[in-house]
Amino acid sequence: MDSDEDERIPFSQRAEWSDVKPVSQDDGPNPVVPIAYTDDFRETMDYFRAVYQSDERTHRSLALTEEAIDMNAGNYTVWHFRRLILETLNADLHNELDFIERIAKSNSKNYQIWHHRRWVAEKLGTKATELELDFTRKVLSLDAKHYHAWSHRQWSLQVLGGWEEELDYCGKLIEEDIFNNSAWNQRYFVITRSPLLGGLQAMRESEVRYTVEAILANPDNESPWRYLRGLYKGDTSLLLSDPQVVSVCLKVLSTSMNCVFALSLLLDLLCLGFQPDQEFKSVVESLRTSDSATPDSNLAKTVCSVLERVDSLRSNYWAWRKNNLPSPAVQS
Amino acid sequence: MDAGQSSLSPTTSFDRDRHVRFLKMMFHGLPSGYQEQEINHLTLAYFVISGLDIFGALDQVDKEEIANWVLSFQARPKSKADLENGQFYGFHGSRTSMFPPDSSNVLIHNNSHLASTYCALAILKIVGYNLSSIDPDSILISMKNLQQPDGSFMPIHTGAEADLRFVFCAAAICFVLNNWSGIDREKAKDYILNCQSYDGGFGLVPGSESHGGATYCAVAALRLMGFIEDDLLSKMTSSSIINVPLLLEWSLQRQTIGGGLQGRPNKASDSCYAFWVGGVLKILGAHKFLDKEALCEFLLTCQSQYGGFSKFPGQLPDLYHSFYAMSAFSLLEEPDLKSLCVELGVTDFAA
């Protein structure tokens, strides 16, 4: 067998560690649910324990934390000690960013890595603004719904800035995958919190147009429907009075009769007191099938009945809605 | 043997015996693959022990041995004065984060953690240990050091991310110890409310995408703290601190065409959300609105021939997904499983 340069040499055989006495793990009383540690793991942690207890903050102990992290990237004690070493050595934190990027390739769904990244970025301050956007963009290019990456990106924008192209970035991701709910969430984040835009009120009109277009492209996509509703958060009267809201529902239903999201939005509007016009009534009427029992006494009940049929997975829920309509809905 | 193929063969029913065997095997030893999660050893133990409890299969384990083992992870202050030093005196999660006190018995390396503390207390409850003897005051007083100005909780005083998971852990700890001095409930509530997204679900931190796991943490914590009453559905139109109708609809929409539950819109169904989202619905009194048969069918496609459950259909089982799928079956009222106190993550009997 060829000697592989990646083949691990035990610490006990490394000359530069010969002065250190490894500290074995004290498993305490009869261990419950014991883990079958590999020898490599056990030995690495034995040496970590040694330097941690002697509080050795040197380049070799820094390298040791790297090995320990490679084996067990979730160990927050090791990460914390690494941070102490970095501070003591006054290490160049740009190198640390590279280290994190390397580790993240095989461990990206790990809270400790992202917390460490945040710690480094915080220390670098605005020098890290573009770097954090770049890094998260890279991770998102491999997994556009990566929860940690999105959290970090949001943190980074809020603390280090860099909002200039964020709305465009959201637009690009939505274009690549209109079903990417994370991108829609980020869009909401940007329009409500970016210091460069005017806030929800100012952005509402253009965002409604954008969202309606997305809905019409894929009416069965939950994301833009939620987003549309979110655009009227805290302003029910506007939700009820903006003609674009009802109109997108009716438009969708004219070609996709089974669209659950359109129907449930209509139901919600009725429950909030929406006064339906004739067009609304006839669209809903046309959705009733001839085999439905006695026609429901009002529009909201009819919508619920249709939903019971087309969203059968949740038929219990729609039946319950039908029997628990608030008074504004029962009057129409 | 083609493991992939055989685990896809139709399993028509819940394989109770195999799951108990799986858990018992894990109880006696976790394979080396779990060393990557070693830092959360107590959490892994919680999955196994609480899992066995759900099956009513704890009779053959030594409860005293378990209690002693859990207690050995506790971080003890040297004196009451230590409780003001900014550290948290809870339970460590593993031996790799535990170090002995110095010669004058001062714990200089205290890596006790909120999540491990929750798991420790849960296990102790399950095995019937009397919690008054563990010095609950030290836990509660020092826990206050972890709460942030915005109401969130950091899990460890040396610094870590603060999010809804640890608000849940803090609330659960206080609930189990029946003492709310460890948490400013109003602030915690405010933080939780700030995490409710425009679509009704909750994200892990304010602004983040609503997510099944985060939503469970939010709703369970509110319930534990007494901010969500029973029979919430009948009170939907009256004032509630969270937007219940939106939350309800968001949660129900997580059930996909295959019957499984997803954690976020437009993502694949994953067995653990049967508990996270199913649990939210249970707390709201809306579990009846799920299509239980369809959910059951999906979970059975994640059932492994080795016992346990996998994340997605036809994969190898892991302890995390096994525990949450088993918990979900309890919520689905699978016969011969103990009922759960959903918001606490232990059986009703243990709670």
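Leaving aside its neighbours within four places in sequence, which residues is Gly345(B) in contact with?

## Around Gly345(B)

Here they are: Tyr46(B), Ser50(B), Tyr118(B), Tyr216(B) and Phe323(B), where contact means heavy atoms within 4.5 Å. This is a predicted model, in which local features need pLDDT of at least 70, side-chain atom pairs count only at pLDDT 80 or more, and totals for chains, interfaces and linings use all residues. Residues are numbered from 1 along each chain as its sequence is written, chains are lettered from A and ligands numbered from 1 in the order in which they are written, and side-chain values use heavy atoms, with hydrogens and water left out.

Gly345(B) itself sits in the loop that links β1 (340-341) and β2 (346-347) of chain B; strands here are DSSP runs (E, at least two residues), numbered from the N terminus. Gly345(B) counts as buried because its relative accessibility is 7%, and buried means under 20% relative accessible area (1.4 Å probe, protein chains only). Gly279(B) is 66 residues away from Gly345(B) in sequence, yet their C-alpha atoms are 9.4 Å apart in space.

## Where chain B meets chain A

Now for the two chains together. On chain B, 72 residues are in contact with 63 residues of chain A. About 5700 Å² is buried between them, and carbon and sulfur atoms give 56% of that. Buried area is the accessible area (1.4 Å probe) that two parts lose on being put together, summed over both.

There are two salt bridges between the chains, each a side-chain nitrogen of Lys or Arg within 4 Å of a carboxyl oxygen of Asp or Glu. One of them joins Glu222(A) and Arg254(B), with the closest N and O atoms 2.5 Å apart.

Technical notes:
Helices (H or I, at least four residues) and strands (E, at least two) are DSSP runs, numbered from the N terminus. Buried means under 20% relative accessible area, exposed over 50%, partly exposed in between (1.4 Å probe, protein chains only).
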